[in-house]
Amino acid sequence: MTARPILLNNLLRLSRGPRFLRSYATSTSSVNPTEVSHFNALASTWWDPYGSSRLLHLMNPLRHDFISSCHALKPNSSSQTNLRYLDVGCGGGIFAESAARLSRTASVTAIDPSRDVIEVAKQHARRDPILQEPGRLKYLNQAIEDLEVPSSPEEMYDVVSLFEVIEHINTPAPFLKNCLPFVKPGGWLILSTIARTWTSWVTTKVVAEDLVGLVPKGTHDWSKYINEAELRSFFAAQKGWGMNGGVKAVGCIYVPGFGWKMISGGEKWGNYFFGIRRDPEI
């Protein structure tokens with residue numbers, strides 16, 4: 001295929017309406033069998049720091065930094081200790097394991113619809129005695145729709161994380177709505193994803209997949225990327241979220257030879273973190 005048809009095709013995609021406005025289709029599950037099959041094929045190399053998940057390993061410290069920066073927006077000592085995490089779309093457990101080892105963590109529940117990937121996560125966790133402590137880390141081969149919705153704040157989570165997940169979901173709005181009840185009042189929904197721009201198409205599709213091979217081909221679908229403004233619009237329509245400054249976003253750029261760096265303003269054109277706080281009960 002020549003470059004001209006590719007550019008025209010992407011121009012048409014970019015000119016469509018906001019992705020969230022096109023995503024309220026009726027669906028009983030957020031699980032995309034094609035995506036599950038893709039990540040099943042990568043399961044065996046998930047914990048290879050130089051393999052297909054290398055960029056995720058390098059990004060992981062910044063995930064914790066961003067969560068800490070969100071908590072710092074609303075400092076409250078009781079909200080930063082004995083934290084309960086729900087890691088949705090946990091993959092092989094890169095973030096879940098690291099969160100479970102933190103002294104301020106009470107427990108981590110990590111879920112993923114890929115059976116192969118969850119098995120890799122469980123096997124890797126068995127290497128660390130700390131992770132075998134009762135209640136410390138629990139893996140479930142489930143989608144968010146399969147989890148029982150909490151009936152009280154005590155059953156909810158301080159942090160619900162969706163790292164590199166939402167851009168793999170066909171219907172992001174219903175998926176997010178299914179995640180919201182799991183965040184306790186005063187808790188945070190934290191995610192990372194990619195803005196749908198020309199810059200991200202060049203860097204994540206042309207360079208990362210086609211030219212350099214930083215990630216396997218087919219990992220990303222540019223049309224599924226979500227702009228930060230679309231997330232803000234979505235949450236503005238949800239009652240009880242992000243009041244009094246309880247929302248934060250920051251860009252994240254990969255610099256070869258140096259790793260990932262958080263860049264203010266970068267959320268408008270490429271990879272970014274986004275966090276929003278559920279309003280505390282009054």
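Because the model is predicted, local features need a pLDDT of at least 70 and side-chain atom pairs count only at pLDDT 80 or more, while totals for chains, interfaces and linings use all residues. Residues are numbered from 1 along each chain as its sequence is written, and side-chain values use heavy atoms, with hydrogens and water left out.

The protein chain holds eight helices and eight strands; these are DSSP runs, numbered from the N terminus, with helices (H or I) of at least four residues and strands (E) of at least two. Of its 282 residues, 51% count as buried. Here buried means under 20% relative accessible area, exposed means over 50%, and partly exposed lies in between, using a 1.4 Å probe and protein chains only.

In soluble globular proteins, nonpolar side chains tend to be buried together. A nonpolar core is taken as a set of buried Ala, Val, Leu, Ile, Met, Phe, Trp, Tyr and Cys residues joined through side-chain atoms within 4.5 Å. The largest such core has 32 residues, and the members that touch the most others are Tyr85, Leu137, Tyr139, Ile190 and Phe273. Helix α3 (residues 54-73) gives the most to this core, with six residues. Apart from it lies another core, of 30 residues, and Leu147, Leu162, Phe235 and Trp241 are among them. As for Tyr139, its contacts beyond four places in sequence include Cys90, Gly92, Ala110, Ile118 and Ala125.

Aromatic rings come next. Rings of Phe, Tyr and Trp (its six-membered ring) pair if their centres lie within 6.5 Å; planes under 30 degrees apart count as stacked, over 60 as edge-to-face and the rest as tilted. The whole structure contains nine aromatic pairs. One of them, Phe66 with Phe273, is stacked, at 5.2 Å centre to centre and 20° between the planes. Since Phe66 lies in helix α3 and Phe273 in strand β8 (residues 271-277), this pair ties together parts that are 207 residues apart in sequence. Phe66 is buried, at 0% relative accessibility, and Phe273 is likewise buried, with a relative accessible area of 0%. The rings of Phe235 and Trp241 make a tilted pair, with centres 6.0 Å apart and planes at 50°, and both residues are buried. Ring pairs also link Phe66, Tyr85, Phe95, Phe163 and Phe273 into a cluster.

Helix α6 (residues 172-179) is mostly covered, with six of its eight residues buried. Those residues are Pro172, Ala173, Pro174, Phe175, Leu176 and Cys179. Their cover includes β1 (83-88), β4 (157-163), β5 (183-194) and α8. Cys179 has a relative accessible area of 0%, and Cys90 is also buried, at 7%. A disulfide is a covalent bond between the sulfur atoms of two cysteines. With the cut-off set at a pair of cysteine sulfur atoms within 2.5 Å, the count comes to zero disulfides.

Glu228, in helix α8, is buried at 3% relative accessibility. Its side chain joins that of Arg232 through a polar contact of 2.3 Å. A polar contact is a pair of N or O atoms within 3.5 Å; within protein, one must be able to donate a hydrogen and the other to accept it, and residues adjacent in sequence count only if both atoms are side-chain atoms. Beyond four places in sequence, Glu228 is in contact with Ala249, Glu267, Lys268, Tyr272 and Phe274.

Gln238 is found in the loop between α8 (228-236) and β6 (247-255), and is buried, with a relative accessible area of 15%. A polar atom of its side chain lies 3.1 Å from the backbone oxygen of Phe234. Beyond four places in sequence, Gln238 is in contact with Lys177 and Leu180. Asn271, in strand β8, is buried at 17% relative accessibility, and its contacts beyond four places in sequence include Met59, Thr193, Cys252 and Trp260.

Methods
Contact means heavy atoms within 4.5 Å.
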